Amino acid sequence: MEIKIPTPRDFSFERTAFSHGWTSLLPFEVDPRASTITRVLDIGTGPPVTVAITGTKRAVSVRVPRRVGVRAVRSVERDVRHMLRLDDDLTAFYGAMKSDPDFAWIPRSGAGRLVRSPTVFEDLVKSICTTNCTWALTKVMVSGLVNNLGREAADGRRGFPTPEAMAAMPDSFYRDEVRAGYRSPYLKELAERVATGELDVEGWLTSELPTPELKREMKRVKGVGDYAAENLLKLVGRYDVLALDSWVRATFARTRNNGRAAADDKIARYYSRFDSWRGLALWCDMTKDWLDEK
DNA sequence: GCGTCCAGGTCTACC
DNA sequence: GGTAGACCTGGACGC
C-alpha cells in the first residue's frame, strides 16, 4: 500500500535525504540514483515494516509492503513527518539566508531540513557512535547494534533496537560484537537509564529549557560532550549551536579560510550574524556541494 | 609486515 | 574553569 503525505512548499526531498550522513547508517538505507530512502519502522504491535520513501516538491510517497491498519498508518506517517521534518517552519531561516549572497542558494534549493531518526534515543546512540572515530567505524558500530538487536521485518531487514533490548545486553556484547570499545559502558548505561524511565530523552524534543541548560542536561549522559550534545541539539530543532568537529573544521578551512586551519572562535564569528540560525547556516554552508557529489 | 597517526571527542584527575 | 593524558578501533601511510 502507499501513503501520500503533502509537503511544505519549500521542501526538497533530495536536500533532506542527503542533508547529512544519517541516511547511510542502518536502519536507514539510501539509493542516490532512485532518490529513495528505505527504512525499517516500528508500528507498535506486530513485526516492524520496511518502507520505501520517495518524494517530490509537493508530496512524499511511502510504500508499505503489506496492508496495515489505521493505527499503523498513523504511526508510519508520524515517523516520516518527524524524520523528514515536514512540520518544521523554515520561513524565518530562509528569510535570514535570502539577504546574503553566499547563502541565498539555501532557500532556493530547499536545504535546511536535517534528516533525523524516529526517536531521540536512536539519534543519541548514533551521536555517541560518531565520536573519536572514523565514519567507517561509526557504521560498524551502528550496524552491530541493528543487526544483533533490531526487530526483524518480513524482508529480513532490522529496525533500531529499543532501549530495553540494549539494556539487556552485557558490556562484553558492546565490546566484542558492536566494537564500541571504551564507549561500551556508556551505551549500556544510557540504555538502562532510558529503559527504566530514569531519563526521558524524547522529552528533549519539546523541552522549554534554554539551549545552554538543555545542553548541560544532554552532557550528563556519559559519552556526550560538547560536539555530541550540539549535534543532538540541532536534531531536536535548536540551531543556536555549531557542533564543531574535525570534519567541519577541515571543511571550513578548505572552503572559507584559504586552506588554513581556523580557530573555533573564528568559525563562530563567521556565522554569528545568523544568530539563532547560525548552526543550521553553518551546516548548510559546509554541505553545499553534497548533492552534486551524491 | 610493522609502527605510527588520527579520525565527524570525551572523561577523569589535577591544578 | 582550564588542561594533560588516557582511551577502543581500524584504515591510511611511511618505511
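A polar contact is a pair of N or O atoms within 3.5 Å; within protein, one must be able to donate a hydrogen and the other to accept it, and residues adjacent in sequence count only if both atoms are side-chain atoms. This is a predicted model, in which local features need pLDDT of at least 70, side-chain atom pairs count only at pLDDT 80 or more, and totals for chains, interfaces and linings use all residues. Residues are numbered from 1 along each chain as its sequence is written, chains are lettered from A and ligands numbered from 1 in the order in which they are written, and side-chain values use heavy atoms, with hydrogens and water left out.

A backbone N or O atom of Gly223 lies 2.7 Å from a phosphate oxygen of DNA strand B, and for Tyr227 the corresponding distance is 3.1 Å. The elements giving two or more residues to the surface near DNA strand B are α11 (226–235) and α12 (246–256), and α11 supplies the largest share, three residues. Helices (H or I, at least four residues) and strands (E, at least two) are DSSP runs, numbered from the N terminus.

A residue is near a strand if one of its heavy atoms lies within 4 Å of it. Of the 19 residues around DNA strand B, those that come nearest include Asn132 and Gly223. The surface near DNA strand B divides into nine nonpolar, seven polar and three charged residues; here Ala, Val, Leu, Ile, Met, Phe, Trp, Tyr, Cys and Pro count as nonpolar, Asp, Glu, Lys and Arg as charged, and the others, Gly among them, as polar.

Elsewhere, five strands form an open antiparallel sheet in the order β1-β5-β4-β3-β2. Two strands pair if DSSP finds at least two bridges between them. The edge strands, β1 (2–6) and β2 (28–31), each pair on one side only.

Strand β4 (residues 49–55) pairs with β3 (residues 36–41) over five bridges and with β5 over four. A hairpin of three residues joins β4 to β5. Six of the seven residues of β4 are buried, that is, under 20% relative accessible area, with exposed over 50% and partly exposed in between (1.4 Å probe, protein chains only).
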